[in-house]
Amino acid sequence: MKNDIILIPLFLLLFIIFFALFTTLDLFAFWTSLSSYGSEKTGGQFLFALWPKLVETLPVSLFFTIVFIEFRILMKPGTRFFSFLILLLLSLAILVFGVKLLSGFEKSQTSRVVTEGIEMIPGRINPMGRYLVYPIAVSGNLLKGVAIAEKEERSGNAAQAKEAPVRKAPSKGKPEGAGALRFVKEAQIVEKGKEIRLEGSEGTLFSVYRSEIPARPFSMKDQHFIETFLRDIAFFNEKLLSYAKTGGKDFYMLAFAILFLFLASGFFMRITRWPLFNLLFSFLASRAYFSLYSFLAGPVSLQIAKYMGKSEIAGSMPAYVMILIGILLLLIDILFVPFDRWKREIEE
Amino acid sequence: MKRLPTYLVTRVLTIFYLVMAFLFFLYSFYLYNPRDLLGRYLWPFLFMNTVKLFIQYLIPITVTSVILAYSLFIKEKDLYVSGGVPLPFNQLVVKPIVFFIILAAVYAVLAEGVYPVVTARIEEERYLSNLARGFEEKWKTALENKDYEEAKEYIDLYLVIDPGNREVQDKRANLKLKLLTGGNSGNSLERGKTDGSEKKKEMGRNYLPDETEGMTVDEYIALAKRYYAEEDYFSAHYYASLAYRIDPERRDALRVAGKAWEKITSFSQSGKEREESKFYRRKKEGYTALISNQPVKAYYIFSELKKINPDDADIKRYFSKAREAVKKVSFFIDEAEDMLALPGYRNIAFINSTEDGKRELLYISKLVAIGENYFFSGIEDLKFDENGVVYHLKAPYGKLIGNAIVMLAIDRENRKNVKEAVYVKGNREASVRNLIYLRTRPDELIHLDGNYKRFESLSLAELFRLRSGGGKYGIIEKYIDISILMKILNPFSLLVLALLGISFGWFFRARYLARLPIIAYAFIPFMPLFILLLYSLYQYGNEIILYFVLSVSGFLTALITLVVMQAALLFLAMILVAGQRTSS
């Protein structure tokens, strides 16, 4: 029982470490991708951006904590039932109250929350999709003395050839003799949802999607592994937060299902006498759960909603599937994998 | 003899390196596309791409093999000395730590010395292969048009890139035979005589040096006097004028030039035949244009006269001189079009100058570089300040001559066919209308295409060089800075992660009593992928912190942060290694 009780402070300690680390990194990454124009980029904004970032990193910090705490359970096993129950209740409480509380804070700060913007550096050539923008001066979202170069579609190298085509807004006031280069005395950056437009005095000069203007032109983030991983986590977060905001049972179901699945997967830590394998396998499984959720809540739910016409079933289906998988894993664990295997086989 | 852990670690590392090198070799073989690379580059490509991939993934490979060595292959019993007492773990890892420090240094050398070289070499071979394919298409088209002379020229150019290609060599031999036996069509033979040889020379060959180049003033005057005595008044005037231009104090040069000019102008009054007189007048006109700095006009006059009397010694000489002079201020349209049909770099845009608050943004749609020759198409130059445009020009073609892009392109035959800069807005003096003086080195142009991703493949030295001038070209310096920081980070990452790999591997070591189960072996091939994912996350975390510090406080602070952070991580890794116990 002592080993079960000690899990609570250990879990909290680990969670705080992961939460602090991930939030700091997320905040830093967010800060560097912020719009640099005008006075928006201030320390105050940095703090106000903290709330949404805390909500974003809370679930993933929790999942990392569960994987690591399972290793502690392997080394110092308590009782199967209590340790499972303690961790489930503790993690569920953190997830449910944490998300509710933080999203409440976020709501109260909505007018001051910073959205990701684009970086526009005066006196430098700023890439914006297929366009290169050189402003002499930047003030707020107003650019002064702006030269614009429009790259040709056809590209001489593979990296550029992969560039997504840029949707061009109808231009009312293209300067006379316009070719690849254009000049306007003033232009304004207008951000509307996923679209960013450069507006001149006589109309839209061009528009690009936000995704075409990364925070920086190259990053480890672009690597396939990380990109898909972050995308799946973001998708899960988005769903969880949207359910939290509507306040329905879907939120509690999803929170319970994912935590139940993660905790039921704890036996992966005991399947072989090679803990490295077990640990990496646990990480792999955790990674796979996010993909599974993206798959279930994405294309599968859409198909179900399309054929059955019941969107509420389609909405909660991923949670049911995860609970089902969790129950199966839990049964395998109880039936085939001794809880104190490590202690019995290795240490004694 | 008892196996020492160090021996085991190096053995696992060696085996892992060899296996991964072999896999990279196979992968390179899979990547090889004969359309991208000529057959002669197959083996160099396989070798260089293997080296490139090996260096690129050296850190995750090393970390994987370290983790596997300590987790799977080193047993507790390996740590017991003959007396039956186990050595403390931290003593057992001293040699591996030293080894990893050396490996980190070797990696730094490989990443900075070898990686950019092989990457650039592969790119160069790809470029040359593209070029060869371009020549191949040209000679095939020429053959279809039965223009054997042109076909032979392009085959010759192809063979410069791929000299060992027997098939093409045989084709060339056949063509040569065909040409010797008069197999070329009349038109193309004529064309070959006139512009074919010129074009070939212009595409990267050297011109014959002027035999009078580098002579002294006295020698020029002596030469002028000799020509005067031989009644070659054009040459006498030309060399005397040259001597006078070099040394305006030389009155004797002026005297010879004056006498020769008198003779030239008095010729028409001497009662020669009408046609001959007309020819002579045109020659004088051409010569006058040449010496009065109108080389294009002179070129067309002598080109026209050359057709009438190709054996005239004056025409031969001054046509050659006019052509040389023309090439200093212009180039031929067909020459540019031929070159620009070849693969090149696209969308180059940079700030060429910033003077008196005015910026000059230069855009080049395409650049083709062969040797020292740089040709451009789709040139646009915009000079502006906050109040508006000073001038905005567009030119279809350009050629780098000296340190300037010359935008005057002329036709070899038709003087009316001229392609030059058109001023959409504003204007410039006539003498510089068709010139853009470059403030950058020509070889740097290819890095100025606004494609910041390119920085990843540059070496530290190249990045630092670009950094020093980046701002003035309009490049965002912090994109260069983060590339520099990430490159500096890599050797540290190797050392820190290898040490963490020791502790991690040993802490999570397999506790099998007998042989390893099949599942363990089956898992090994997937290990590098897991480690690659974790390594990528680790690097991404570092990148976020460094980019943040860079954005907030600049390069120096970010560099200091990097060093401090890596020192802390290294310390932590050492502590973890020291904290490991020999037995469970």
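A: Chain A comprises eleven helices and six strands (DSSP runs of H or I with at least four residues, and of E with at least two, numbered from the N terminus). The model is predicted: local features need pLDDT of at least 70 and side-chain atom pairs count only at pLDDT 80 or more, while totals for chains, interfaces and linings use all residues. Residues are numbered from 1 along each chain as its sequence is written, and chains are lettered from A in the order in which they are written. Of the 348 residues in chain A, 39% are buried (20 or more other C-beta atoms within 10 Å of their own, placed from the backbone).

Chain A is touched by chain B through 57 residues of chain B and 50 residues of chain A (contact: C-beta atoms, placed from the backbone, within 7 Å). On the chain B side, helix H19 (residues 527-553) gives the most, with 14 residues. That side holds 30 nonpolar, 16 polar and eleven charged residues (Asp, Glu, Lys and Arg are charged; Ala, Val, Leu, Ile, Met, Phe, Trp, Tyr, Cys and Pro nonpolar; the others, Gly among them, polar).

Within chain B, the axes of helix H6 (residues 148-161) and helix H7 (residues 166-180) come within 10 Å and cross at roughly 150° (lines fitted to C-alpha atoms over the stretch in contact, with angles from 0 to 180 degrees between N-to-C directions). H6(B) is therefore roughly antiparallel to H7(B), a term for angles over 145 degrees. Among the residues making this contact are B:Tyr148, B:Ile155 and B:Leu159 of H6(B), and B:Val168, B:Arg172 and B:Leu179 of H7(B). The contact of H6(B) with H7(B) divides into eight nonpolar, one polar and six charged residues.

Methods
Contact = placed C-beta atoms within 7 Å. Buried ≥ 20, exposed ≤ 12 C-beta atoms within 10 Å, placed from the backbone. Parallel < 35°, antiparallel > 145°, perpendicular 65-115°, else oblique.
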